[in-house]
Amino acid sequence: MKNPMYEIPFLLLEKLLLLANLKVLQTNPSGEKEKEKNHISCYDSSYFRPGDLLEVPRTLFIHFGIYLGDNQVAHLMPDMLPAFTNDRKLIQKVVTNKRLILGVITKMARIRVDTVEDFAYGGSILVNRMDSFFKNGILGNDEVVQRAKRLVGTTEYSLLWNNCEHFVTFCRYDSPVSFQTTKFCETVKTIIRDQRSVLVSALLGLISILYLGLGPSTTLPSIIIPFMLWMAG
């Protein structure tokens with residue numbers, strides 16, 4: 001039987017990520033018409049041009065890649081497997097959720113080349129939706145492709161500083177930024193500044209003490225976390 005106390009933090013994190021992602025998806029400076037125009041529900045690679053920036057909306061985030069041509073996409077994926085083996089066939093297999101999570105935890109990633117189908121993984125594809133943010137800074141398609149190809153291989157991973165969005169914005173706009181990260185951080189700030197977070201954290205701390213017993217591992221977090229949230233707010 002699962003311990004409900006261990007499920008609470010993961011549930012809160014999932015809700016937080018979902019809230020941040022919804023805000024990102026709702027932010028479209030070009031309006032709904034352009035969104036529909038750039039939306040592709042099938043994987044006809046003849047529609048793409050080398051150097052195009054591809055987006056695949058997921059449940060909690062958006063995944064990004066650069067189209068290289070010939071039905072191939074370069075994209076950054078958290079993955080710790082390359083640190084343990086040089087078997088290209090094994091590494092090139094589709095990254096499972098376990099490999100992805102372990103890559104995030106260990107801060108290991110790989111910029112890899114996959115087919116459009118494997119990159120999209122059943123999701124819909126948006127094309128060059130971020131161009132409106134960088135109207136004066138879009139690099140030539142050949143330069144975008146060459147940048148992406150040069151970066152293929154293992155790299156460090158950081159949710160805030162080096163994720164798949166940083167990779168594609170550097171390749172296409174020469175500016176490694178992540179709007180998802182910005183929205184996520186803004187959501188975290190909003191939650192921290194909300195004084196109700198103090199009450200929720202104090203309540204969770206009290207429940208943990210009642211459920212797990214009085215001890216340093218339960219008492220100290222129950223005091224320190226609400227205090228830090230109170231001071232930050």
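Okay, quick one on terms before the structure: buried means under 20% relative accessible area, exposed means over 50%, and partly exposed is in between, with a 1.4 Å probe and protein chains only. Helices (H or I, at least four residues) and strands (E, at least two) are DSSP runs, numbered from the N terminus.

What you have up there is a predicted model, so local features need pLDDT of at least 70 and side-chain atom pairs count only at pLDDT 80 or more, while totals for chains, interfaces and linings use all residues. Residues are numbered from 1 along each chain as its sequence is written, and side-chain values use heavy atoms, with hydrogens and water left out.

Big picture, then. The chain has 10 helices and 7 strands. Of its 233 residues, 37% are buried. Take contacts (heavy atoms within 4.5 Å) between residues at least 6 apart in sequence: 69% of them join residues at least 24 apart.

Now strand E2, residues 53-57. Why call it largely enclosed by the rest of the structure? Because 4 of its 5 residues are buried. And who does E2 pair with? Pairing here needs at least two DSSP bridges between two strands. One partner is E3, residues 62-69, antiparallel with 5 bridges; for instance, valine 56 is bridged to histidine 63 in E3. Getting from E2 to E3 takes a hairpin with 4 residues in it.

E2 also runs antiparallel to E6, joined by 2 bridges, and there glutamate 55 has leucine 126 as its bridge partner. E6 itself covers residues 125-127, with valine 127 in it. That valine 127 counts as buried, because its relative accessibility is 7%. Its C-alpha is 6.7 Å from that of aspartate 52, even though valine 127 and aspartate 52 are 75 residues apart along the chain.

Accessible areas are Shrake-Rupley with a 1.4 Å probe, and for residues only the protein chains shown count as cover. The chain total is about 14,100 Å², and carbon and sulfur atoms own 62% of that.

Within that surface, Ile101, Leu102 and Ile105 make a nonpolar patch of about 300 Å². Patch residues have over 30% relative accessible area and no salt bridge, with nonpolar side chains (Val, Leu, Ile, Met, Phe, Trp, Tyr) joined within 5 Å and like charges within 9 Å. A salt bridge, by the way, is a Lys or Arg side-chain nitrogen within 4 Å of an Asp or Glu carboxyl oxygen. Isoleucine 105 sits in helix H4, residues 97-106, and counts as exposed because its relative accessibility is 62%.
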